[in-house]
Each structure stands twice: as C-alpha cells, then as structure tokens.
Amino acid sequence: MLDNQMIAMLAKETWITIYMTLSSTALAYLIGLPMGIALVLTAKSGLKPNAVVYKVLDFIANIVRSIPFIILVIMLIPLTRSIVGKSYGATAMIVPLTIAAAPFIARLVESSLLEVDKGVIEAAQSMGAGTWHIIWKVLLAEARVSLIVNATIALATILGYSAMSGAVGGGGLGDVAIRYGYHRYQVGIMMVTVVLLVLLVQIMQYIGTRISKKMDKRNR
C-alpha cells in the first residue's frame, strides 16, 4: 500500500496542505483582525460606538460564516479565477479559504478583546490614552494569550477547510483521501491521510499552547 511513490506523494500533499493552511490563515488575519477590532470598537459599549458600522460588519460576519465552505468555493470561482488565473489547485484555494476564515477569525478576535477587563481600559482612558494607544497597548496586549489560543483554533479550522477543498480540486491531503479512499476504495490510504491531518492539528495545538504559556504573565 505504502510504496516509495505513495510515500513521496503523501509527503508532497502534506506540505501542500500546510502551505494552504498557513497562507490562508495569514491572509485571513489581515482581514479578520481589523474586522474583529472594529466590531469591539463600534459596539454599543465600545470606545467608538457606531450602530451602522457594527451592524454592517456583524451582518457580513454572520452571512459568510453561514455559507457551507464547499458552496462558498463554487460561488467564488469567478473571483478566484480573476485573482489567480485558475479556479483549481492549492494556490487558487487560498482565495476561498481566506474569505471563509476571515469572519470566523473576526469573531475569535472580538471574543478575545471582550475578555479584557473594562477597568484596565477605563484606567488608560483616564490617563489620556487615545483610541489607537488603547488598541495596541491595552486591548491587544492584555488579550494576547487569548488571541494566541484562538489563533490555534483558527488554524485547526482552516486545516479542516483545506481538507474539504480536495473535493473541488484543491489538492492536499483531502484530495488524496477523496481520490484514493473514496473513488478507489483504498481505505488504508484514507486512514493514513486522516492520521496525518490529526497529527498536523496536534502539532499546531502544541505549538500554540507552548507560545500562549510563555506569553501568559500569570506563569512568570
């Protein structure tokens, strides 16, 4: 079952999965992090309450998160093709992966920032700190452990999305599982891909936990 050719293919597809996951996560954070901050700032109890902006961002986050990933990939084929030049392959899948993950990350960021003690924010305001200073020096600084933990959750979720993308020509371990495990009934190959995916999640979880513990002031 696992000859040299199959092992080489699994190694290649594992790296493709890692490439899709890390690239789309990084890009999704470029969208989701500011979006999450904006949700906290413009909320009714935020530093800059703005009902219109909050409702628009809240609506976008809820709508995109409600669309099943496979359907979202199909809906975004024209956009993916216009950006990448094709609608299949690992690089092409980064577009729908990013768009699917960004609202999810925004919600994770929002959740992390809402955990920050209101007293710390009020103390910063009383000392004359501006909005940007509070964002960088108070909100993000105080929520850094939670943000890292949630980033680990985001990575695991996006890894799952990348596996699903194999059903629509995305490549990676999901593609191997579908081509060999489903179409060719090679259950052994499918189980190997499942084990590899689980290992990737566990490695990401371990790294995220280690980093969060080092960043946690309570452990010093």
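**A buried asparagine and the helix packing**

Reply: N150 counts as buried because its relative accessible area is 11%, where buried means under 20%, exposed over 50% and partly exposed in between, using a 1.4 Å probe and protein chains only. This is a predicted model, in which local features need pLDDT of at least 70 and side-chain atom pairs count only at pLDDT 80 or more, while totals for chains, interfaces and linings use all residues. Residues are numbered from 1 along each chain as its sequence is written, and side-chain values use heavy atoms, with hydrogens and water left out.

N150 sits in helix α8; helices are DSSP runs of H or I with at least four residues, numbered from the N terminus. Setting aside neighbours within four places in sequence, N150 is in contact (heavy atoms within 4.5 Å) with Y29, L108 and S112. With S112 there is also a side-chain polar contact of 2.6 Å; such a contact is a pair of N or O atoms within 3.5 Å, where within protein one must be able to donate a hydrogen and the other to accept it, and residues adjacent in sequence count only if both atoms are side-chain atoms.

A nonpolar core is a set of buried Ala, Val, Leu, Ile, Met, Phe, Trp, Tyr and Cys residues joined through side-chain atoms within 4.5 Å. The largest such core has 35 residues, of which I37, I105, V109, L113 and L139 touch the most other members. At least two of its residues come from each of α1, α3 (69–75), α5 (90–114), α6 (118–126), α7 (131–142) and α8, and α5 gives the most, with 11 residues. I37 touches V109, L113, I135 and L140, not counting residues up to four places away in sequence. A second, separate core of 12 residues includes M9, A163, Y180 and L200.

After α9 comes Y185, with a positive phi near 60 degrees.

In α1 (residues 4–42) lies M20, which is buried because its relative accessibility is 0%. Beyond residues up to four places away in sequence, M20 touches A90, M93, I94, L97, S162, S165, G170, G171 and G172.
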